[in-house]
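Work through the exercises below with the model open. Each task is followed by a stepwise solution.

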Number of protein chains: 2
Amino acid sequence: MSTTVEIPPRSGTAFALSKGRTLTVIDPEGCQVADLLAYSAADVREVISNGRTFDYEETIMLTTGNRLWSNRSNTMLTIVADDVGRHDFLLTPCSEATFRHFYPTKPVHRGCFGNLAVALEPFGIGPDAIPTAFNLFMNVPLDGKGRLQVDPPVSEAGDSITLKAEMDLVIGLTACSAYASNGGSFKPINYRID
Amino acid sequence: MSTTVEIPPRSGTAFALSKGRTLTVIDPEGCQVADLLAYSAADVREVISNGRTFDYEETIMLTTGNRLWSNRSNTMLTIVADDVGRHDFLLTPCSEATFRHFYPTKPVHRGCFGNLAVALEPFGIGPDAIPTAFNLFMNVPLDGKGRLQVDPPVSEAGDSITLKAEMDLVIGLTACSAYASNGGSFKPINYRID
């Protein structure tokens, strides 16, 4: 029987996910974001790529049935279930620099970027190897002129997304640390491997 | 006096661009795409990032006045002039894999990805370090549901874009090799450093 693991507020983790297993990421309280990264376990220089994914999937709005592609044009993950249907693949993880830029009057936090860098270090993955993340539940609408804004997620308590591993992976995953992405409060993220 | 250099059709190049200099990329015949990459000359692990750029510029439609940011949250280039105003920062350079995927009946070409990999190798930059490129003159409209398509560029003969280097850079630049991005014909790209 699989166990649900909690990622505490403003923290992150990394773990192996074998080919064929599924990762379910749950927003237990609603309106929270989880930044997801994926690397090939066989060679961590192969990494999730928003550009390859947008190219092959021919959309920037990814949901059930869409695949997430690597920089080497291999499929890493397939989205097999999705309660929310609203995720972001445009923006990089929040970091000390983004806190200084967007929240100059608030305490600086290492953010999802810092949390991912610490969690991925034991897998031999350095901070410069962190690309644009697939930001689960993150709500980034574009207007007709390409301008973007970060709105609160539309996810409700218990909503989840399930992704199937198409190769042996190292996954990085966070409970987001930024104010805008989760409507101003910090909550945990849960995940389960089946 | 600066010299205009031609990048022949379906090829690419790489060169140093010192802080404070400007790079002008010209579409000499019109309706052609040039994929642009930028790395910090001091440490090539610092690289242009679409996610950081979208985050700080708060738009995916970049033109005069917008800056292009690195994965370390530093400004690499500022767009100081732009005849076209229509560029893409969503898609990765065309490659052998994208040729097989999108043009299965046509000869496979190494594409902008292969051309950039060869051109950047002398600078110690490997193919896995090629991220999503800033694709000058590339015309990738999105519909209201986030679906994208690759349309012919709107650039006309002689149109150009000028970018100012905000740090010492290594630049990768191509004359695009894919059918869809340039309306089905392969043309040169010119550039000039001032």
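**Exercise 1. Which residues does M138(A) contact, leaving aside its neighbours within four places in sequence?**

Step 1. Take contact as heavy atoms within 4.5 Å. The partners of M138(A) beyond those neighbours are V33(A), R86(A), H87(A), D88(A), L91(A), V150(A) and S181(A).

Step 2. M138(A) sits in the loop between β7 (134-136) and β8 (159-165) of chain A. Helices (H or I, at least four residues) and strands (E, at least two) are DSSP runs, numbered from the N terminus.

Step 3. M138(A) has a relative accessible area of 9%, so it is buried. Buried means under 20% relative accessible area, exposed over 50%, partly exposed in between (1.4 Å probe, protein chains only).

Step 4. P152(A) is 14 residues away along the chain from M138(A), and their C-alpha atoms are 7.4 Å apart.

The model is predicted: local features need pLDDT of at least 70, side-chain atom pairs count only at pLDDT 80 or more, and totals for chains, interfaces and linings use all residues. Residues are numbered from 1 along each chain as its sequence is written, chains are lettered from A and ligands numbered from 1 in the order in which they are written, and side-chain values use heavy atoms, with hydrogens and water left out.

**Exercise 2. In what order do the four strands of the open sheet in chain B lie?**

Step 1. Apply the pairing rule: two strands pair if DSSP finds at least two bridges between them. The order is β2-β9-β4-β7 (chain B), with antiparallel pairing.

Step 2. Find the edges. β2 (12-17) and β7 (134-136) of chain B each pair on one side only.

Step 3. Axes are lines fitted to C-alpha atoms, for helices over the stretch in contact, and angles run from 0 to 180 degrees between N-to-C directions.

Step 4. Count bridges at β9(B). Six bridges link β2(B) to β9(B). Five join β4 (residues 34-40) to β9 (residues 169-174) of chain B.

Step 5. Read off partners. L169(B) is the bridge partner of L17(B) and also stands opposite S40(B). L173(B) is paired with L36(B).

**Exercise 3. Why is β9(B) described as largely enclosed?**

Step 1. Count. Six of the six residues of β9(B) are buried, so the rest of the structure largely encloses this strand.

Step 2. Look for a cover. Helix α3 (residues 111-120) of chain B lies across β2, β4 and β9 of chain B, at about 145° to β9(B).

**Exercise 4. How many residues of chain B are in contact with chain A?**

Step 1. Count both sides. 32 residues of chain B are in contact with 32 residues of chain A.

Step 2. Get the area. About 2800 Å² is buried between the chains, and carbon and sulfur atoms give 52% of this. Buried area is the accessible area (1.4 Å probe) that two parts lose on being put together, summed over both.

Step 3. R52(B), Y56(B) and D128(B) supply 20% of the area that chain B buries against chain A, more than any other three residues.

Step 4. Find charged pairs. A salt bridge is a side-chain nitrogen of Lys or Arg within 4 Å of a carboxyl oxygen of Asp or Glu. The interface has two. D128(A) forms a salt bridge with R72(B), with the closest N and O atoms 2.7 Å apart.
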